[in-house]
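Dear colleague,

Please find below the structure that I am handing over to you, followed by a summary of what was found in it. I would be grateful if you could read the summary with the structure open.

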Amino acid sequence: LMAAAQDSLYLGFDFSTQQLKVVAIDGDLNVVHQNHVLFDSELPEFRTQGGVQLHADRLTVTSPVLMWVKALDLLLDKMRRAEFDFSRVRALSGSGQQHGSVYWRRGASETLNQLDPDQSLYQQLQVCVFSVLDSPVWMDSSSSQQCQDLQAAAGGALRLAEITGSRAYERFTGNQIAKLRQNRLEEFQDTERISLVSSFAASLFLGGYAAIDYSDGSGMNLLDIRSRTWSEICLEATAPHLDRLLGAPLPPTSVLGPVSSYFVRRCGFSESCRVVAFTGDNPASLAGMRLQQGDIAVSLGTSDTVFLWIQQPRPALEGHVFCNPVDWQEYMALLCFKNGSLTRERVRNECTGGSWEVFSAALRETPLGNNGNIGFYFDTMEITPPAVGVHRFDSDDTEVSSVSPQVEVRALVEGQFLSRRLHAERLGYSIIPGTRVLATGGASSNKEILQVLSDVFNAPVYTIDLSNSTCLGSAYRALHGNTLTVLPLILLILQQYCSSASVLIISPDYCDLKKGKKENLVKEVKEKRWNKEKKRAPEADP
Ligand SMILES: Nc1ncnc2c1ncn2[C@@H]1O[C@H](COP(=O)(O)OP(=O)(O)O)[C@@H](O)[C@H]1O
Ligand SMILES: O=C(CO)[C@@H](O)[C@H](O)COP(=O)(O)O
């Protein structure tokens with residue numbers, strides 16, 4: 001039995017904004033394979049920038065659903081070429097960028113369940129399977145009217161937040177569905193099922209429609225986060241009989257069924273390989289990190305997010321409360337910032353010749369506090385706070401139109417992290433002795449950026465070896481889901497590694513990047529610059 005456990009592999013996929021990634025772990029939780037497909041460069045025929053298409057109104061943002069399908073074909077090809085042994089996979093799970101939606105045309109479920117293993121997914125799904133080809137994604141901010149309507153129907157923004165964990169947000173799926181129904185009725189009427197990006201990806205592996213899990217389902221403005229059922233008021237206000245199109249939500253730890261015969265025959269998966277519910281990328285990331293009481297996770301992916309494990313939901317007008325992906329009776333709080341990595345890349349391109357090395361050198365060579373200079377860089381309409389434009393201030397608090405490239409780099413990164421801290425504190429989070437900041441996502445591989453994070457939060461920052469806790473979290477979830485049903489032995493192995501916070505978390509050897517505090521330096525940033533952000537950043541409009 002021990003040998004069987006060692007032989008077993010678990011896969012975690014992540015359909016995120018800019019790429020599709022996969023991580024495989026063995027029964028001892030070692031990472032044995034990693035791979036990815038970058039949408040812009042490896043699938044240029046879909047003409048995306050950063051994985052998305054910005055429409056002429058500059059508010060609508062979508063991604064081609066067939067790009068995600070073709071990316072999966074390509075990823076599986078790459079894994080085959082790397083001689084990955086699919087027959088050893090006992091279970092798989094995954095995640096998707098949150099809030100995005102996929103619209104399956106009438107009759108699509110039959111196509112899904114009768115796929116021919118001699119053809120790619122793309123060949124078979126490209127015609128007549130999706131009623132909407134351009135899937136709305138989390139960067140969209142075009143559904144303001146629908147947000148107002150939903151809040152009015154629910155009895156106000158706070159009442160809606162009390163039910164669904166968030167006031168109405170434009171990117172939240174319910175508001176996108178309402179917009180689609182109002183503007184493209186024919187396509188809407190031709191739809192037999194609506195998936196999130198996560199449950200869409202799970203559906204491909206299952207060969208049938210996968211349930212939406214409670215955790216990713218909390219990002220729709222449709223789920224009652226306490227009863228974990230669709231809220232009647234929200235369904236009614238969004239589209240009649242919407243529950244039929246959504247299917248019933250399920251716990252994020254659910255085993256949905258075996259992988260479809262298509263994957264068995266095409267890739268050599270075992271017939272007994274299980275598909276564990278897919279969830280949102282931030283919830284999956286929470287599962288991939290060892291969060292303890294008082295810890296704060298900062299994800300530096302396409303978006304920057306800040307999240308916490310919380311026991312009791314206290315929804316507010318800013319931020320979100322989601323059902324917890326590990327212990328679904330608990331919760332997680334999340335803040336999302338749209339101007340994250342893409343804004344850092346833009347400033348890198350303009351100020352440091354497109355080089356992260358030079359960008360990092362600028363951070364090393366400028367003092368904490370930036371001699372009083374700071375900036376707020378909202379290249380596109382920000383989510384937290386809802387503000388747009390670039391605003392730079394010198395040490396006299398005077399708005400200036402430019403600063404030197406080195407100063408600009410530090411003004412950007414300090415401004416971003418001050419904002420992350422300020423809004424986290426507004427959410428009720430306090431930084432106390434012992435607080436650890438756990439960093440993940442693409443930019444967490446940059447030590448100089450993490451140094452600024454540590455200085456601004458006045459706390460040590462930890463990372464896991466893999467900057468990609470989302471995929472790892474999905475692989476752990478696959479293992480966990482499988483363990484619950486068939487392999488108690490693996491649970492024992494898991495428990496050896498587990499923290500008290502959750503049975504899913506396996507010790508990933510956090511490397512301590514920086515112990516010890518920089519009180520005096522932080523004071524300057526905190527007291528002086530802090531007030532500046534409070535003054536300047538426009539308040540969220542409830
Ligand atoms: N050395 C680096 N320094 C700063 N940022 C980096 C570095 N390497 C990668 N990144 C950033 O990581 C981002 C991708 O992060 P990732 O977590 O993979 O995003 P997503 O999951 O949303 O696709 C890129 O947009 C890039 O800006
Ligand atoms: O909208 C949110 C969270 O509410 C985003 O965090 C998306 O989930 C996209 O994630 P990344 O691709 O940036 O990881």
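This is a predicted model: local features need pLDDT of at least 70, side-chain atom pairs count only at pLDDT 80 or more; totals for chains, interfaces and linings use all residues.

Two elements each contribute two or more residues to the shell around ligand 2, namely α15 (281–288) and β19 (331–337).

The shell itself comprises 14 residues, and the closest are T17, H99, R171, D281 and S303. Sorted by class, nine residues of the shell are polar, three are nonpolar and two are charged.

Several polar contacts to oxygen atoms of ligand 2 may be of interest for your work. On the side-chain part, a polar atom of T17 lies 2.5 Å from an oxygen atom of the ligand. The backbone also takes part: a polar backbone atom of S303 is 2.7 Å from an oxygen atom of ligand 2, and a backbone N or O atom of T302 lies 3.3 Å from an oxygen atom of ligand 2. Of the 380 Å² that ligand 2 exposes when taken alone, the protein buries 95%.

As to the overall arrangement, the protein is divided into domain 1 (2–283), domain 2 (288–338 + 427–466) and domain 3 (341–413 + 518–536). The C-alpha centres of domain 1 and domain 3, for their part, are 35 Å apart.

With kind regards

Conventions
Residues are numbered from 1 along each chain as its sequence is written. Chains are lettered from A and ligands numbered from 1 in the order in which they are written. Side-chain values use heavy atoms; hydrogens and water are left out. A residue is near a molecule or strand if one of its heavy atoms lies within 4 Å of it. A polar contact is a pair of N or O atoms within 3.5 Å; within protein, one must be able to donate a hydrogen and the other to accept it, and residues adjacent in sequence count only if both atoms are side-chain atoms. Accessible areas come from the Shrake-Rupley method with a 1.4 Å probe; for residues, only the protein chains shown count as cover. Helices (H or I, at least four residues) and strands (E, at least two) are DSSP runs, numbered from the N terminus. Ala, Val, Leu, Ile, Met, Phe, Trp, Tyr, Cys and Pro count as nonpolar, Asp, Glu, Lys and Arg as charged, and the others, Gly among them, as polar. Domain bounds come from an automatic or database domain assignment.
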